[in-house]
Amino acid sequence: MTEFGDFISALGEFGLYQKLLVLFLSLPLLLNPFQMIGQVFMLVDVPHHCNTSWIRAIGPNLTEEEQLNLTLPRDANGEYEQCSMYSPVDWDLSSIMEYGLNATEKCSSGWVYPSAQPPSLLTEFDLVCDRKDLNDISESIYMLGLLLGAIIFGPLSDRIGRRPIFLISILLQCLFAVGAAFVPHFYVYMAFRCVVGASVSGILITTLALATEWVGVSSRPKAVLISHCFVAVGQMLLAGLSYGIRNWRLLEIAGSAPMFALFFYIWVLPESARWLVTKGRIEEAKKLLQKAASINKRTIPPGLLEQLKPETQTKSGSTLDLFRKKHLWKLTLIMSCAWFSDSLVYYGLSLSVTSFGLDIYLTQLAFGAVELPARFCCIFLLQWFGRKKTQAALLLLSGLMCLTITGIPEDQPVATTVLAIIGKFTATASFSTSYVYAAELFPTVIRQTGVGLCSMSARVAGIMAPLIRLLGQYHRAIPMAIFGSAPVVGGLLCFLLPETRGTELVDNTGTAAPQRRPEILSKRDTTEDGVDLEKDVHRCSESK
């Protein structure tokens, strides 16, 4: 039976049809950075102090400075304490001014913020002092949503198809991301963010499958990494959007509502023809292949099309298949470790944008700007050096950058930021490489399940990253030391994986390793009427 890759070669490995498909898959990714790290800009720290308006009842004519001086203790630097106040008393004003107050307590009547400060998550829900950790906890809740999305949508996409999961994920993201702008309580906001995280995960893993299963061997990295470049552009848009819109509810709407414009995907987004073949839906697959060939202005020879038969030896895979066969559980464990390391260092650096000492909007712009060349360079790195060496080297470099940051003095924000930007470059490139590598390693029948499992490990790391940042209160170097150690270990393990450069995608679990495409099929000349192509396929079939 003819390999499915022969049909992709016949209709064009990366023609107009595939380019339009990659464009459609990439548009939602423009807004993904907003969902992932946009909350950082809704929680920018502002000056605050306890609400001590109780003293106004006995001293209505006090100036603001007099009120603060009488009701707030000062810290070692002479500044007013932000999280404590003097306990209210029943004395008259003259007694308070003469004897002063000594007993202190935590803020009991809320906080006061600068009057000119636009509404933010921090000021509206009082995410300061004892409630400050809710910021990082809410980021972990979002990452938990990404994990749940990987658990649910990965296997489900292998069962019911890539297209329906992609469309469902877009709908969920539209509804709950915009809905988060209208929530009355922070805990409801966190619940909505969890659902948004699940939908983002569904979009990411189905984008990967559709981008790789519709293009030829040589164009797979290009298709995946072009879509990732839209994420980089989204990072830069996030910096400008968050700088221009400081009201958190308006920012939430501006960063989420454009997804509703993608409703037309219901009519234009195709299913994966490769997936249809593995499910025995041959006629549907033939129609899609002929449509793709027509748009690419190519002709699939009738003789070749007739060879598209149900793969009787291919059965639906399950998560257990990844651990029943030695070659599959080995690559599953190592790739899961690589994704875990990618995610830990990527989100560790991204969420620390406010702690490097420079302007957060410029730092975010630099983080986004560096992602674009990082993802673009992967196209060439993967072709020149292969998947295994590129993955290992990038993980090692990103880890070393984080470990180096731990030794930089706190009064050197420029040096810290430069190292963080280099680390973000290598971490981004490594993450993009992982998507390409995983899609090529796992068989078609369990590709989404395998990628979903790797994505699960990445989301566990994403959950941990904000919580690891909390360890900075004990020593500022602890988070970066952890963020740097994991990718070093993951990079070394990647040397144990097989190389997949120039190989055809594996369709079933029985094949131990990806097989290299026959040269006669990958380097043939194709005439418009397809005659030469049909002869080459015939010769290839005879050689088998």
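This is a predicted model: local features need pLDDT of at least 70, side-chain atom pairs count only at pLDDT 80 or more; totals for chains, interfaces and linings use all residues.
**Entry 1: one residue to start**

Is Glu283 buried or exposed? I looked it up: Glu283 counts as exposed, at 52% relative accessibility. My cut-offs are these: buried is under 20% relative accessible area, exposed is over 50%, and partly exposed lies in between, with a 1.4 Å probe and protein chains only.

**Entry 2: the whole protein**

I looked at the secondary structure next and found 23 helices and 6 strands. Helices (H or I, at least four residues) and strands (E, at least two) are DSSP runs, numbered from the N terminus. Of the 544 residues in the protein, 55% are buried. The accessible surface comes to about 22600 Å², and carbon and sulfur atoms hold 62% of that. Such areas come from the Shrake-Rupley method with a 1.4 Å probe, and for residues only the protein chains shown count as cover.

I then checked contacts, meaning heavy atoms within 4.5 Å. Among those between residues at least 6 apart in sequence, 79% join residues at least 24 apart.

**Entry 3: how confident is the predictor?**

I looked up pLDDT, the predictor's confidence in each residue, from 0 to 100. The protein averages 82, and 90% of the residues score at least 70. Which element has the lowest mean pLDDT? That is helix α22 (residues 519-522) with 40, while helix α8 (residues 162-179) has the highest, 92. Over residues 519-544 the pLDDT is below 50, and this stretch has 30 contacts in the model beyond near neighbours in sequence.

**Entry 4: salt bridges**

Side chains of opposite charge can pair when their charged atoms come close. I used this rule for a salt bridge: a side-chain nitrogen of Lys or Arg within 4 Å of a carboxyl oxygen of Asp or Glu. The structure holds 12 of them.

I went back to Glu283, which forms a salt bridge with Lys286, their closest N and O atoms being 4.0 Å apart. The two are separated by about one helical turn because they sit 3 residues apart in helix α14 (residues 282-295). Lys286 counts as buried, at 13% relative accessibility.

Which residues pair with Glu371? Arg375 meets Glu371 in a salt bridge of 3.0 Å, N to O. They are 4 residues apart in helix α18, so about one helical turn separates them. Lys424 also forms a salt bridge with Glu371, with 3.2 Å between the closest N and O atoms. Glu371 lies in helix α18 and Lys424 in helix α19 (residues 413-441), so this pair ties together parts that are 53 residues apart in sequence. I checked burial too: Glu371 is buried at 0% relative accessibility, Lys424 is buried at 0%, and Arg375 is buried at 5%.

I also jotted down a network of salt bridges that links Asp158, Arg162 and Glu213.

**Entry 5: two buried residues**

I found Thr71 in helix α4 (residues 64-71), where Thr71 counts as buried at 0% relative accessibility. What does the side chain of Thr71 make a polar contact with? The partner is the side chain of Thr52, at 2.9 Å. A polar contact is a pair of N or O atoms within 3.5 Å; within protein, one must be able to donate a hydrogen and the other to accept it, and residues adjacent in sequence count only if both atoms are side-chain atoms. Leaving out residues up to four places away in sequence, Thr71 touches Thr52, Trp54, Ile55, Met85 and Tyr86.

Ala392 is in helix α18 (residues 360-405) and is buried, at 0% relative accessibility. With the residues up to four places away left out, Ala392 touches Gly491, Cys494 and Phe495. Ala392 and Leu497 are 105 residues apart in sequence, and their C-alpha atoms are 9.9 Å apart in space.

**Entry 6: a patch on the surface**

My last search was for patches, made of residues with over 30% relative accessible area and no salt bridge: like charges are joined within 9 Å, nonpolar side chains (Val, Leu, Ile, Met, Phe, Trp, Tyr) within 5 Å. Leu144, Leu148, Ile151, Ile152, Leu156 and Ile160 form a nonpolar one, with about 450 Å² of accessible area together. I picked out Ile152, which sits in helix α7 (residues 134-160) and is partly exposed at 46% relative accessible area.

How values were computed
Residues are numbered from 1 along each chain as its sequence is written. Side-chain values use heavy atoms; hydrogens and water are left out.
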